[in-house]
Amino acid sequence: MSVPLRLLAFAGVLAAAFAAAALAGSRVDVHPGRPAPAAARMTAMAEKGAMAPQPVRGLAVSADGLTLELARTTAAPRRPVDLAFRIRDRDGRTVRDFDVEHTRRMHFIVVRRDMTGFQHLHPAQAADGTWSVPVALRDAGSYRVFADFSVDGEPHTLAGDLTADGAMRARPLPPPARTADADGMRVTLTEGASRAGAVSQLRFSVTRDGRPVAVDPYLGARGHLVALREGDLAFLHVHPDEDTLRFMAAFPTAGRYRLFLQFKTEGRVHTAAFTQEVTR
Ligand SMILES: [Cu+2]
């Protein structure tokens, strides 16, 4: 889908979502980059006041007829491994054709169960459809891996487990905060009060020594944001703004989420993590 059409579709979904929320106080959800037919469906549902929150993604290894198959599920800590995987369809065939989303055909997120060790990788695809990416797990523990992609205009997030053997020291989730440090820069969540079931706007600013930092384009936007729910690491899809560090997200339930904001300056990608409290 072209960028203008996609933005139009998203704008339609947002308008419908806000309208539904305003009219009925109903629980709404939106999805970024949704194809036009789905957006139209959501608009129609919103108009009928029958808008239900979209089911959370990233909890299953197999969903909607597609299955994530990891070639390995263990790795030694600190030793880089080539992690190969494929997506199989209902008939067991390897899926080869993927849509471009945020400038890539496959986004691969790795994070330990305690939400430390976040990595956002872009695997390479071989001619037979399999994907592979070098991964190094810094610390021992149980990791979640998310394959985030789109096929035939439908977005999917499938997840599996990857274990790095050894003694693990779990870290508690940091308390909610408005600022985070990233490679000597200060990142501030300037706007982001979030309520469950409503569309939230999350806006960030980046400074170094108190002066604003201009961020470079990254993955077709100003930045990339992944939000994971505490407890089950449900994966929220978040829609980026093209020109500012602003995102639209729909948190399905109250509770704490970990936000991983990524942005680029001087050719390098930086990650800032925040704990976000979502109210009822
Ligand atoms: Cu990506």
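This note covers the copper site and the sheet next in the discussion.

1. The model is predicted: local features need pLDDT of at least 70, side-chain atom pairs count only at pLDDT 80 or more, and totals for chains, interfaces and linings use all residues. Residues are numbered from 1 along each chain as its sequence is written, and side-chain values use heavy atoms, with hydrogens and water left out.

2. His107 (ND1), His120 (NE2) and His122 (NE2) coordinate the copper ion at 1.8 to 2.0 Å. Donors are N, O and S atoms within 2.8 Å of the metal (3.2 Å for Na, K and Ca); water is not among the atoms, so the site may look incomplete. The donor spacing in sequence is H-x12-H-x1-H.

3. His120 is buried, at 11% relative accessible area, whereas His122 is partly exposed, at 23%. Buried means under 20%, exposed over 50%, and partly exposed in between (1.4 Å probe, protein chains only).

4. The His120 side chain makes polar contacts with the side chains of His107 (3.4 Å) and His122 (3.2 Å). A polar contact is a pair of N or O atoms within 3.5 Å; within protein, one must be able to donate a hydrogen and the other to accept it, and residues adjacent in sequence count only if both atoms are side-chain atoms.

5. His120 lies in strand E6. Strands are DSSP runs (E, at least two residues), numbered from the N terminus.

Technical notes: Helix = DSSP H or I, 4+ residues; strand = E, 2+ residues; numbered from the N terminus.
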